Amino acid sequence: MYKCWRKWRSKFEKSIRKDFDGILTYFWWNVWNERNRRIFQHKQLQPMDVAYLIKEDIQQNAIAFASFQHVY
């Protein structure tokens, strides 16, 4: 998986590689949480709901870092 990630990452300009890393991180975090929800809570979300959670995490991160940059 690491080789694959490095290959994909290299296709982006250096200035946006951090964004790419963040998107992948939020994607896999939410997939992992959905896996745990299904296994341990015996519940499941629809794929579009998981996608919404990923989008929401990315937006919250952007808001947090935008306001953080204004402080410094």
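User: Hi! Before we dig in, what counts as a helix here?
Analyst: Hi! A helix is a DSSP run of H or I with at least four residues, and helices are numbered from the N terminus. Please keep in mind that this is a predicted model.

User: Got it. How many helices and strands does the protein chain have?
Analyst: There are 3 helices and 0 strands. Going along the sequence, the pattern reads α-α-α.

User: Let's start with α2. Which residues does it cover, and how far does it reach?
Analyst: Helix α2 takes in residues 17-41, which is 25 residues. From the first C-alpha to the last it reaches 35 Å, close to the expected 36 Å at 1.5 Å a residue.

User: And what comes just after α2?
Analyst: That spot belongs to His42, whose phi is positive at about 55°. His42 is not a glycine, and most residues other than glycine have a negative phi.

User: Where does His42 lie?
Analyst: His42 sits in the loop between α2 and α3, the latter covering 47-71.

User: Is His42 buried or exposed?
Analyst: His42 counts as exposed, because its relative accessibility is 69% and the cut-off for exposed is over 50%.

User: Back into the helix, then. Which residues of α2 are buried?
Analyst: The buried residues in α2 are Arg17, Phe20, Asp21, Leu24, Asn30, Glu34, Asn36 and Arg37.

User: I see charged residues in there. How many salt bridges does the count come to?
Analyst: The count comes to 3 salt bridges. As background, side chains of opposite charge can pair when their charged atoms come close.

User: Let's take them in turn. What does Arg9 pair with?
Analyst: Arg9 forms a salt bridge with Asp21, and the closest N and O atoms are 2.9 Å apart. Arg9 belongs to helix α1 (residues 2-10) and Asp21 to helix α2, so this pair ties together parts 12 residues apart in sequence.

User: Are Arg9 and Asp21 buried or exposed?
Analyst: Arg9 is buried, and Asp21 is buried too.

User: What about Glu34? Which residues are linked with Glu34 in a network of salt bridges?
Analyst: Arg37 and Arg38 are linked with Glu34 in that network. The Arg37 and Glu34 side chains meet at 2.7 Å, N to O, and the Arg38 and Glu34 side chains also meet at 2.7 Å, N to O.

User: How far apart in helix α2 are the residues of each pair?
Analyst: Arg37 and Glu34 are 3 residues apart in helix α2, so about one helical turn separates them. Arg38 and Glu34 are 4 residues apart in helix α2, again a separation of about one helical turn. The general point is that an α-helix has 3.6 residues a turn, so residues three or four places apart point the same way.

User: Switching to the surface: which residues form the nonpolar patch?
Analyst: Met1, Trp8, Phe27, Trp28 and Val31 form the nonpolar patch, with about 500 Å² of accessible area together. The largest share, 3 residues, comes from α2. Trp28 is found in helix α2 and is partly exposed, with a relative accessible area of 44%.

User: Now zoom out for me. What is the radius of gyration of the protein chain?
Analyst: The protein chain has a radius of gyration of 15 Å, while a compact globule of 72 residues would be near 11 Å. The C-alpha trace spans about 45 × 35 × 20 Å along its principal axes.

User: What share of the 72 residues counts as buried?
Analyst: The buried share is 15% of the 72 residues. The accessible surface of the protein chain comes to about 6400 Å², with 61% of that belonging to carbon and sulfur atoms.

User: And what share of the contacts links residues 24 or more positions apart?
Analyst: Among contacts with a separation of 6 or more, 32% join residues 24 or more positions apart.

User: Last one, on α3. How far apart are Lys55 and Ser67 in space?
Analyst: Lys55 and Ser67 are 19 Å apart, C-alpha to C-alpha, and 12 residues apart in sequence. Lys55 lies in helix α3 and is partly exposed, with a relative accessible area of 48%.

Definitions and conventions. Residues numbered from 1 in each chain as written. Predicted model: local features only at pLDDT ≥ 70, side-chain atom pairs only at ≥ 80, totals over all residues. Heavy atoms only, no water. Helix = DSSP H or I, 4+ residues; strand = E, 2+ residues; numbered from the N terminus. Expected span 1.5 Å × (residues − 1). Buried < 20%, exposed > 50% of the residue type's maximum accessible area, 1.4 Å probe, protein only. Patch = residues over 30% accessible without salt bridge, like charges linked within 9 Å, V, L, I, M, F, W, Y side chains within 5 Å. Areas by Shrake-Rupley, 256 points an atom, 1.4 Å probe, with all protein chains shown as cover. Salt bridge = Lys/Arg side-chain N within 4 Å of Asp/Glu carboxyl O. Rg over C-alpha atoms; globule rule 2.2 N^0.38 Å. Contact = heavy atoms within 4.5 Å.
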